[in-house]
Amino acid sequence: MQIEKLEAGFVLSHKGQVILRHSFDNPTLFLGAGSANFDMYRGNFDITDYVIERLPMRAFTIEEAAGKAIITFSAEGQDYIVFTAEETAEGRLKIAFTSKKPEMNRFWLRIAASAEEKVYGCGEQLTYFNLRGHNFPLWTSEPGVGRNKDTYVTWQADVKDRAGGDYYNTNYPQPTYVSSDKYFAHLQTTAYADFDFRHTDFHELQAWDIPEYLLVGKEDTFAELVTNICGVFGNQPELPDWVLDGVILGIQGGTDITIEKVNRAKEAGVKVAGAWCQDWQGIKMTSFGKRLQWDWQWNKDLYPGLDTKIHELKKEGVRFLGYINPYVLEDFPLYNEAKEKGFLATKEDGSKYVVDFGEFYCGVVDFTNPDAFEWYKGVIKKNMIDFGLDGWMADFGEYLPTDCYLSNGKSAEIEHNNWPTRWAQCNHEAIEEAGKTNDILFFMRAGYTGIQGYCHTLWGGDQCVNWNIDDGMPSVINAALSSGLMGNGIHHSDIGGYTTLHGMKRDRELFMRWAEFSAFTPIMRSHEGNRPGDNHQFDSDDETLAHLAAMTRIFTHLKPYIKAASKENAETGMPVQRPLFMHYEDDAESYDVMYEYLFGRDLLVAPVYEQGATTRKLYLPADEWVHVWSGETFTGGWVEVNAPIGQPPVFYRKNSADVALLSKIAEAADYKA
């Protein structure tokens, strides 16, 4: 840490990187007071803020002692806040904030920037990869349908369901960004935040509370930087071995249908690792489509004999996966038990509080109550792990309402962003205590700071069944890359997307292209969608089955390669899907490339994400790249290659240590159109 005192200001740097640049005319800090309103409708939030005052903190004093710099900011002759800056034992810069004015609940901090700097991260961002030029409100929520106010789908979703969303809406926000200058900055807060990257010479980090601290890590390489980041937030465990044995098929409808569909897929040559049956506990039909019965135990009527079939499938190499979320359906057994024990969030007066999830109501399990937390872990252990499930979707971490009351006495507004991390911890500990961390896979869409050490894998959420860059297949690529830089290096998505509304219906081409993309991700998993009858499915015709079979042959062929990348992610934080600049730092072009990525060190993947396209223009960093399908070698720059269905643009590095494996991808596919 270095601090340079100026005549009317100061400059605070870390390892040569200027972090704070303060002067009387251009203060680095503003404090204020405001009153917010959070209007939630089925996980979508309409948020407004009335700012009562915003004061520039121009005046300051600096004291240096014992390796610390203590900066006291004042206004109108009164001390408002104290910054205590020091270098941690791990070599990071930490600036702790101590408020002297309890009434101040709005915070704006300006981090020094340059015009050339690129910025990434802020959790999982889907519309933009380089975040420069935009601001990003950070509040976990439903991301919305369409996520672009200029599109018809978003307009329809807004008019009919208040659910259109915008470019910044995400299940997984995080108040952390990564700079092209090879540093990260993290604001420790669970309050509503907004990171603004629209200014040339500073980034403004806003929070609706006084944060605990700012943490900055600076390294010489991006590889070292992601390791540093995981040193703060934790590492995902390695993938269970069985996950790499094929696709996890999303199937609904009962025991017989599940076995029938698995067998048909296997007969067609599809490598099947698992059957994911989200309706294992029963279904509820709503106007949105097929929903689930949120009482987390085996439904014997819909899945007769599952208690024995689940073990028979496992012997055949097919794992069975289910579904759970942190809410319990009103007037069903788990709800009644939780209510009786006082394990549910309440209204201010202690009376019943339920949440509208779309034509049904649920209680909120209060994870701030240690006894409730342990009880819900017990539900997972008994009803899921002991029953024989080898994985599940842990859904809906982003729904905590801001007007419920929790046992720890904290405002639900402050707890809201932290809820996904609490939910991930509940699942992780249940699995860990059962001794199954290496064998059970659970996946979440919601996240926040600290999820990295608990959530085994993210999935991209409920994308539209279309090609839209904001909320369709292309958005998942940005999602994987941005969240990967935050330490979530295992990421995947629903093959074919999920949301089927407002005229959107999944067709065969989209399913096939999405399956191609997923073959070059750490996990292959399909989903029928919210309206299965409107969507093309993996078994809708023989051609789709043959295509999926070829993609699973590629995926399983790459098992040793993906397994090694998963291990590297667990040990160092290096994501499996990586931005090009991760290994080509001197390539200026690579910092702005979207919709392509490095899969491990030695594969470059550029999915076809435009409807009807049979070619793809893409960028190759300077190296020797061999086109998987033609065998042609390229040495870098912008190129265009043929990309018929079944041959997604994929290249391997000629001098890879895994060239013997990677050079046989086309042979492994054995795809016949």
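## The second largest pocket

By class, eight nonpolar, six polar and six charged residues line the second largest pocket. For these classes, Ala, Val, Leu, Ile, Met, Phe, Trp, Tyr, Cys and Pro count as nonpolar, Asp, Glu, Lys and Arg as charged, and the others, Gly among them, as polar. This is a predicted model, in which local features need pLDDT of at least 70 and side-chain atom pairs count only at pLDDT 80 or more, while totals for chains, interfaces and linings use all residues. Residues are numbered from 1 along each chain as its sequence is written, and side-chain values use heavy atoms, with hydrogens and water left out.

The volume of this pocket is about 430 Å³. Its lining has 20 residues, and those closest to its centre are Phe 45, Asp 46, Ile 47, Tyr 168 and Asn 169. Strand E5 (residues 44–56) contributes the most to the lining, giving four residues. Helices (H or I, at least four residues) and strands (E, at least two) are DSSP runs, numbered from the N terminus. A pocket is an open set of points on a 1 Å grid over the protein atoms alone, with protein on both sides within 12 Å along at least five of seven lines, and a lining residue has an atom within 4 Å of a point. Grid points are joined across faces, edges and corners, and a volume is the space filled by probe spheres set on the points.

The largest pocket holds about 670 Å³ of space. Of the 35 residues that line it, Glu 142, Phe 288, Arg 291, Tyr 399 and Tyr 498 lie nearest its centre. Helix H1 (152–161) and strand E21 (290–292) are the elements that give two or more residues to this lining. Sorted by class, the lining has 16 nonpolar, eight polar and 11 charged residues.

How many cavities of 30 Å³ or more does the structure hold? There is one, where a cavity is a set of grid points at which a 1.4 Å probe fits but cannot get out. The largest cavity has about 30 Å³ of space, and its lining consists of Pro 237, Glu 238, Leu 239, Pro 240, Leu 441, His 456 and Ile 490. Five of these lining residues are nonpolar, one is polar and one is charged.

## Two places to look at strands

Start with an open sheet of three strands, in the order E1-E2-E3 and with antiparallel pairing. Two strands pair if DSSP finds at least two bridges between them. Strand E1 (2–6) and strand E3 (17–23) are the edge strands, each pairing on one side only. Strand E2 (residues 9–14) is joined to E3 by six bridges, and Ser 13 stands opposite Val 18 in E3.

Now move along to strand E26 (residues 391–394), which is covered on both faces: Gly 391 and Met 393 on one side, and Trp 392 and Ala 394 on the other, are all buried. Here buried means under 20% relative accessible area, exposed over 50%, and partly exposed in between (1.4 Å probe, protein chains only). Three bridges join E26 in parallel to strand E22 (residues 319–324), and E26 also pairs in the parallel sense with strand E27 (residues 441–444) over three bridges. Trp 392 stands opposite Gly 322, and its bridge partner in E27 is Phe 442.

## Aromatic pairs

The count comes to 55 aromatic pairs. Rings of Phe, Tyr and Trp (its six-membered ring) pair if their centres lie within 6.5 Å; planes under 30 degrees apart count as stacked, over 60 as edge-to-face and the rest as tilted. Phe 396 and Tyr 399 have ring centres 4.8 Å apart and planes at 75°, so this pair is edge-to-face. Phe 396 is buried at 7% relative accessible area, and Tyr 399 is buried at 4%.

The pair of Tyr 584 and Trp 625 is tilted, because the ring centres are 6.2 Å apart and the planes are at 55°. Tyr 584 lies in the loop between strand E32 (577–578) and strand E33 (597–599), and Trp 625 lies in strand E36 (residues 625–627), so the pair ties together parts that are 41 residues apart in sequence. Elsewhere, ring pairs link Tyr 128, Phe 136, Tyr 167, Tyr 168, Tyr 177, Tyr 183, Phe 195 and Phe 197 into a cluster.
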